[in-house]
Amino acid sequence: MDHARKVRWIVGSCMALVGIFSAFILYRTLRPERGLPYEQITMEQAAEYMEYEQGYALVDVRTQEEYDTGHIPGAICIPNEEIEQKAPELLTDQEQMIYVYCRTGKRSKEAARKLCRMGYINVTEIGGIVDWPGETEKN
């Protein structure tokens with residue numbers, strides 16, 4: 001390999017490394033940060049996402065009594081009033097996707113804010129079970 005080719009190869013390699021490093025810095029800058037506001041989607045969108053996603057937590061923040069009368073299959077009950085005490089034990093991965101719902105959407109917004117303040121970074125508030133398009137189950 002002649003000198004000019006070596007120089008072009010070295011310069012090209014350095015440019016590639018700079019590009020990769022820049023992409024990493026951009027990712028770290030734009031990714032969700034701990035404590036920032038949560039995302040909101042509709043129940044219909046959530047139902048669609050849950051059909052093909054895996055590894056998410058579905059959290060019903062209504063009271064245990066409300067949960068027992070009917071909840072979305074796979075949901076765990078962590079009442080809004082207890083979320084700051086129970087979430088660390090039940091939601092151990094702060095980077096896990098967490099869908100939060102209640103009856104109409106008010107308590108789920110409060111709970112989503114609390115989870116974000118606690119350091120959870122992938123919190124999505126999906127509204128109230130009154131708008132759930134799918135099946136429910138009872139305890």
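This is a predicted model: local features need pLDDT of at least 70, side-chain atom pairs count only at pLDDT 80 or more; totals for chains, interfaces and linings use all residues.
Which residue in β5 is the bridge partner of Glu39? Thr124 is.

Residues are numbered from 1 along each chain as its sequence is written, and side-chain values use heavy atoms, with hydrogens and water left out.

**View 1. Five helices and five strands make up the protein.** Helices (H or I, at least four residues) and strands (E, at least two) are DSSP runs, numbered from the N terminus. Along the sequence the pattern reads α-β-α-β-α-β-α-β-α-β. Of the 139 residues, 35% count as buried. Buried means under 20% relative accessible area, exposed over 50%, and partly exposed in between (1.4 Å probe, protein chains only). The protein exposes about 8900 Å², with 55% supplied by carbon and sulfur atoms. Accessible areas come from the Shrake-Rupley method with a 1.4 Å probe; for residues, only the protein chains shown count as cover. Among contacts between residues at least 6 apart in sequence, 73% join residues at least 24 apart. Contact means heavy atoms within 4.5 Å.

**View 2. The five strands form an open, parallel sheet.** Their order is β1-β5-β4-β2-β3. The edge strands are β1 (39-40) and β3 (76-77), each pairing on one side only. Two strands pair if DSSP finds at least two bridges between them. Strands of a sheet pair through backbone hydrogen bonds, either parallel or antiparallel.

**View 3. Strand β5 sits between β1 and β4 in the sheet order.** Two bridges join β1 to β5, including the one from Glu39 to Thr124. On the β4 side there are four bridges, again parallel. Ile98 stands opposite Val123 here. Six of the six residues of β5 are buried, so the strand is largely enclosed by the rest of the structure. Helix α2 (residues 43-52) lies across β2, β4 (98-102) and β5 (123-128). The helix runs at about 125 degrees to β5. Axes are lines fitted to C-alpha atoms, for helices over the stretch in contact; angles run from 0 to 180 degrees between N-to-C directions.

**View 4. Strand β2 is covered on both faces.** Ala57 and Val59 are buried on one side. Leu58 and Asp60 are buried on the other. Four bridges join β2 to β4, and two join β2 to β3. Val59 stands opposite Val100 in β4 and opposite Ile76 in β3.

**View 5. Asp60 is a buried residue of strand β2 (residues 57-60).** Its relative accessible area is 0%. The Asp60 side chain makes a polar contact of 2.9 Å with the side chain of Tyr101. A polar contact is a pair of N or O atoms within 3.5 Å; within protein, one must be able to donate a hydrogen and the other to accept it, and residues adjacent in sequence count only if both atoms are side-chain atoms. Leaving out residues up to four places away in sequence, Asp60 touches Tyr67, His71, Ala75, Ile76, Cys77, Ile78, Pro79 and Tyr101. Cys77 is also the bridge partner of Asp60 in β3.

**View 6. Cys77 and Cys116 are buried cysteines.** Relative accessibility is 14% for Cys77 and 4% for Cys116. A disulfide is a pair of cysteine sulfur atoms within 2.5 Å. By this rule the protein has zero disulfides.
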